[in-house]
Amino acid sequence: MAEHQTHHQMQQHGMQHGQHQPGGTMKSLLPEKGPTTSQVVAVVTLFPVGGILLTLAGLILTGTIIGLAVATPLFVIFSPVLVPAAITIGLAVMGFLTSGAFGLTALSSLSWIINYIRGARVPETLDQARRRMQESAGQMTQQVGQKTKDVGQTIQQKA
């Protein structure tokens with residue numbers, strides 16, 4: 001009996017808060033107002049552009065497949081020459097890229113070492129940089145205030 005009353009109370013409580021209303025979740029997914037003018041203009045402008053780009057992508061894919069079908073027999077005929085040439089060019093490109101990566105790593109390491117020796121260390125955190133900016137702004141404010149005071153005193157003395 002007590003279980004029946006508790007179940008009945010839970011059903012009534014849920015209905016009062018709108019938890020079990022059919023279609024309630026669908027209404028929350030839909031926007032409350034219609035699209036804005038800028039959204040409509042964006043869709044009207046970008047829809048043709050997207051269609052044109054999709055058409056171009058399809059044409060390029062078709063051309064690539066036709067070109068590959070035509071060139072495959074040539075690749076098979078000239079493969080004794082092309083495969084070693086491709087391997088040689090690939091190794092040369094990898095060598096240049098590796099050389100450049102090592103050079104950049106060496107330069108950045110040397111730059112870091114020089115900055116470390118000079119003592120020009122980068123602040124560890126953003127808070128430290130903000131504190132240094134506030135300190136320098138405070139010092140500049142004091143200097144400007146002192147110069148203004150000095151100029152005021154010299155004007156009073158001359159008057």
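This is a predicted model: local features need pLDDT of at least 70, side-chain atom pairs count only at pLDDT 80 or more; totals for chains, interfaces and linings use all residues.
Helices here are DSSP runs of H or I of at least four residues, numbered from the N terminus.

View 1. The secondary structure comes to 5 helices and 0 strands. The chain has 159 residues, and 1% of them count as buried. Its accessible surface is about 14800 Å². Carbon and sulfur atoms hold 70% of that surface.

**View 2. Helix α3 and its kink at A71.** Helix α3 covers residues 37-77. It has 41 residues. From first C-alpha to last it reaches 60 Å, close to the 60 Å expected at 1.5 Å a residue. Where does the kink in α3 lie? It lies at A71, shortly before the proline P73. The kink is about 35°.

**View 3. A nonpolar surface patch with I52 among its members.** Seen here are L46, V49, I52, L53, L56, L59 and I60. Together they make a nonpolar surface patch of about 710 Å². I52 lies in helix α3. Is I52 buried or exposed? I52 has a relative accessible area of 54%. The cut-off for exposed is over 50%, so I52 counts as exposed.

**View 4. Helix α4 and the residue just after it.** Helix α4 covers residues 79-118, 40 residues in total. At 1.5 Å a residue, α4 should span 58 Å. The expected span uses one less than the number of residues. The end C-alpha atoms of α4 are 58 Å apart, which agrees. Just after α4 comes G119. G119 takes a positive phi of about 90°.

**View 5. Spans annotated as "transmembrane region" in UniProt.** The annotation comes from an unreviewed UniProt entry. How much of residues 68-87 is helix? The span is 95% helix and 0% strand. Its end C-alpha atoms lie 20 Å apart. Residues 93-114 are 100% helix and 0% strand. The end C-alpha atoms of residues 93-114 lie 32 Å apart.

Key. Residues are numbered from 1 along each chain as its sequence is written. Side-chain values use heavy atoms; hydrogens and water are left out. UniProt positions are given in the numbering used here, feature names are shortened, and annotations may be inferred rather than shown by experiment. Helices (H or I, at least four residues) and strands (E, at least two) are DSSP runs, numbered from the N terminus. Patches are made of residues with over 30% relative accessible area and no salt bridge: like charges are joined within 9 Å, nonpolar side chains (Val, Leu, Ile, Met, Phe, Trp, Tyr) within 5 Å. Accessible areas come from the Shrake-Rupley method with a 1.4 Å probe; for residues, only the protein chains shown count as cover. A salt bridge is a side-chain nitrogen of Lys or Arg within 4 Å of a carboxyl oxygen of Asp or Glu. Buried means under 20% relative accessible area, exposed over 50%, partly exposed in between (1.4 Å probe, protein chains only). The bend at a residue is the angle between axes fitted to the seven residues ending there and the seven starting there.
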